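Thanks for making time this morning. I would like to walk through one model with you, taking a pocket, a helix pair and a few backbone details in turn.

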Amino acid sequence: MTETAVPRQVRTAGTAPADAAVWRLRSRGCWEDAAALLDAPARTEPWAALLRAELLAERCMFTAEGWDRAEEALRATESMPLDDEERGAAACERGYLAYASTLLRVRDRADEARAALGRAAALLAPDSPGRALLDFRRGLVAQHVTGNPQAAEAGFRRAHNAALGHGDVLLSSYTWRHLAALALATGDLTEARHGFAESLRLREETGFLVGIAPALVSLAEVQPEPEAAQLRAEAARLYRVLGGIPRWLAPDLAPTP
């Protein structure tokens with residue numbers, strides 16, 4: 001993977017080699033190791049503290065573990081002297097962590113998720129690069145917590161257009177996938193197949209290994225046999241290679257006794 005393929009939010013500051021090292025670890029599910037590379041700068045640099053918190057929150061979503069570490073990282077970030085943009089980014093991470101806890105049924109923190117994302121919306125400028133990620137996460141809450149697919153689609157569309165415009169390939173892979181899922185729910189197989197295929201393409205091109213198995217499973221849902229079986233088999237192989245990550249794919253990919 002070339003440095004230019006590293007998603008935008010990984011390359012917010014610091015040296016390119018360090019940023020690329022964080023991405024390589026993150027993309028392979030080594031979130032703790034990636035966060036450790038940021039321990040020193042995160043003590044004084046808000047960008048590093050925010051990225052460290054993002055990594056540890058992402059680990060919670062993929063593994064359903066490490067909640068205390070993510071909370072500790074967020075509290076440390078929030079205690080720093082931050083400007084409005086940075087405070088908004090921290091609130092966005094808090095909202096996402098609360099959403100993950102609710103979605104994975106660790107603890108119901110839906111009210112906290114909505115409140116934190118609302119704070120982020122008030123703090124981030126209308127033209128802030130962080131708006132795309134915020135819109136996406138508000139779409140997630142609308143879809144999976146509130147049960148409002150129309151609001152979810154509106155959030156995903158805004159995030160999708162902004163992510164494409166900013167060259168944020170990681171977020172684009174997510175927006176393609178979630179818009180495709182909404183299309184599938186309405187019976188639009190052509191649009192769903194296109195979106196799932198684009199999501200998989202971006203994750204393969206950027207080397208986001210931990211995100212490839214979910215993309216394969218999603219694409220398999222809209223492909224005929226034997227292509228669907230081949231996609232599921234490849235997803236199961238990657239799932240085993242990564243030690244059962246992401247955990248929420250277990251019902252689909254864990255070997256049967």
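Let me begin with a question: by class, how many nonpolar, polar and charged residues does the lining of the largest pocket have? Before I answer, please keep in mind that what you see is a predicted model. The lining has 20 nonpolar residues, together with five polar and eight charged ones.

As for the space itself, the largest pocket holds about 720 Å³. There are 33 residues lining this pocket, and those closest to its centre are Leu140, Tyr174, Arg177, His178 and Trp248. If we ask which elements give two or more residues to the lining, they are helix H4 (46-63), H6, helix H8 (131-146), helix H10 (169-185), helix H11 (189-206) and helix H12 (212-220). Of these, H10 provides the largest share, with eight residues.

H6 brings me to the helix pair. The axes of helix H6 (residues 84-103) and helix H7 (residues 110-123) come within 7 Å of each other, and they cross at roughly 160°. Because angles over 145 degrees count as roughly antiparallel, that crossing angle makes H6 roughly antiparallel to H7. The crossing in which H6 passes H7 is left-handed.

On the H6 side, the contact is made by Asp84, Arg87, Gly88, Ala91, Cys92, Arg94, Gly95, Tyr96, Ala98, Tyr99 and Thr102. On the H7 side, the residues are Ala110, Glu112, Ala113, Ala116, Leu117, Arg119, Ala120 and Leu123. Sorted by class, the residues of this contact of H6 with H7 comprise 11 nonpolar, three polar and five charged.

Another joins Ile245 and Pro246, with omega at about 0°, and here the proline, Pro246, belongs to the loop between H13 and helix H14 (250-253).

Key. Residues numbered from 1 in each chain as written. Predicted model: local features only at pLDDT ≥ 70, side-chain atom pairs only at ≥ 80, totals over all residues. Heavy atoms only, no water. Axes fitted to C-alpha atoms, helices over the stretch in contact; angles between N-to-C directions. Helix = DSSP H or I, 4+ residues; strand = E, 2+ residues; numbered from the N terminus. Parallel < 35°, antiparallel > 145°, perpendicular 65-115°, else oblique. Left-handed = near helix turned anticlockwise from the far one by under 90°. Contact = heavy atoms within 4.5 Å. Nonpolar A, V, L, I, M, F, W, Y, C, P; charged D, E, K, R; others polar. 1 Å grid on protein atoms, 1.4 Å probe; cavity = no way out; pocket = protein on both sides within 12 Å on 5 of 7 lines; lining within 4 Å. Points joined across faces, edges and corners; volume = space filled by probe spheres on them.
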